[in-house]
Amino acid sequence: MARRKSKIIKIGSQKIGGNFPILVQSMTNTPTSDIERTAKQIKELEKAGCEIIRVGVPDLKSVSGLREIKKRINIPLVADIHFSADLALEAINQGVDKLRINPGNFPKDRLKEIVKAAKKKKIPIRIGINSGSIEKDILGPEKRVTAEMMVKSAVRNIKLMEKLEFYNLVISLKAPDVLRTVKAYEMLAKKVNYPLHLGITEAGTEFSGTIKSAMGIGYLLLKGIGDTIRISLSADPVEEVKVGWEILKSLGLRERGVKIISCPTCARSEIDVLGLTRKVENLTQEIKKPLTVAIMGCPVNGLGEGREADLAIVGAGNNLALIMRDGKIIYRGKEKDILKEFKKELESHY
Ligand code: SF4
């Protein structure tokens, strides 16, 4: 797929846009003022593969801990700030790697101060348009925010920044449903070349939010649109990161850790595919390098999938199962012993 040509922007140690990899972001859900808990959660997210982390900064107590949080983590730290220029300025002073604001929420003189400070520290600003907080004059008498309104708001906010000669920008345009979000991003992608951060906001629970995000973000990524992604779930943010990676891996855009192929099972199944898949998922979750593992109920499709995978377990009848490595059968034995043998293979090769 041809990637949209976006401007390259530096966020701490990471670069986004251009041909740089599409990065997985998340947001903490601990009180930012609680440095211990927030840093601990970020470390867990880093372990799961989070590459940029955003924290909400609602008050002075939260902003004053940012320097210490940054010291304890290894990925770029983004401060999410609404309305208070003092908080934005202090966040920059504390050394955050990026700000997320809506420029229109600040009086002009205060916005100028923020821009000046961000320029001095060379940190980018994300303009985060959200359908839930669109400007009143854009909404007018309408009840429902349209994609066109979101784009209008984005363009207005971008112009505000460009007038101040600030071009170190990332843009997002999130709505809680797929169609509006996709339409808004497609429209804006044609108008500006700033990198786009993708997300379906308030997407819902792990189940429905994952589906919505995969549909919306996946569609846009397939069209070459998007430079960073965040999956918003009403769940542990570690799950957001996992889903983000699965979306990128399933589109062949990034590689990381294990990719599991398992059959849905049918009347031909010779082994406990579901149980084995869960156990294999647990055994392989710490592996960082790309690895494809197939767990297949019988040889019908199992041998074919097994040939293409790095490792495979395939049901073989009469309570037997096979292990394949790099397309070759390397073990044939009882189903009850198969996990033990699989573990040995993992330990000696990955
Ligand atoms: Fe059924 Fe075998 Fe296909 Fe699994 S691999 S769905 S058990 S035919």
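**Close-up 1. Packing of helix α1 against helix α10 in the predicted model.** Helix α1, which spans residues 35-48, packs against helix α10, which spans residues 237-250, with the two axes 9 Å apart and at an angle of about 20°. Because angles under 35 degrees count as roughly parallel, α1 and α10 are described as roughly parallel to each other, and their crossing is right-handed. On the α1 side the contact involves Q41, E44, L45 and A48, which meet P237, V238, V241 and W245 of α10. Sorted by class, the residues in this contact of α1 with α10 comprise six nonpolar, one polar and one charged.

**Close-up 2. Packing of helix α9 against helix α10.** Helix α9, made up of residues 206-222, packs with α10 at an angle of about 40°, and the axes of the two helices are 10 Å apart. The crossing of α9 and α10 is right-handed. From α9 the contact draws on E206, T210, S213, A214, I217, G218 and L221, while α10 contributes E239, V243, I247 and L248. By class, the residues of the contact of α9 with α10 are six nonpolar, three polar and two charged.

**Close-up 3. Packing of helix α4 against helix α5.** Helix α4, covering residues 85-94, and helix α5, covering residues 108-121, pack with their axes 10 Å apart and at an angle of about 10°, and α4 and α5 are therefore roughly parallel to each other. The residues that make the contact are A85, D86, A88, L89, I92 and N93 in α4, together with R110, E113, I114, A117, A118 and K121 in α5. In terms of class, the contact of α4 with α5 has seven nonpolar residues, one polar residue and four charged residues.

**Close-up 4. The ring of W245 and the residue R256.** R256 lies over the face of W245, at 5.5 Å from the ring centre. W245 is also one of the residues of α10 that take part in the contact with α1. With ring centres required to lie within 6.5 Å for a pair, the count of aromatic pairs comes to zero.

How values were computed
Residues are numbered from 1 along each chain as its sequence is written. This is a predicted model: local features need pLDDT of at least 70, side-chain atom pairs count only at pLDDT 80 or more; totals for chains, interfaces and linings use all residues. Side-chain values use heavy atoms; hydrogens and water are left out. Rings of Phe, Tyr and Trp (its six-membered ring) pair if their centres lie within 6.5 Å; planes under 30 degrees apart count as stacked, over 60 as edge-to-face and the rest as tilted. A charge sits over a ring if NZ of Lys or CZ of Arg is within 6 Å of the ring centre and within 35 degrees of the ring normal. Axes are lines fitted to C-alpha atoms, for helices over the stretch in contact, and angles run from 0 to 180 degrees between N-to-C directions. Helices (H or I, at least four residues) and strands (E, at least two) are DSSP runs, numbered from the N terminus. Angles under 35 degrees count as roughly parallel, over 145 as roughly antiparallel, 65 to 115 as roughly perpendicular and the rest as oblique. A crossing is left-handed if the near helix is turned anticlockwise from the far one by less than a right angle, and right-handed if clockwise. Contact means heavy atoms within 4.5 Å. Ala, Val, Leu, Ile, Met, Phe, Trp, Tyr, Cys and Pro count as nonpolar, Asp, Glu, Lys and Arg as charged, and the others, Gly among them, as polar.
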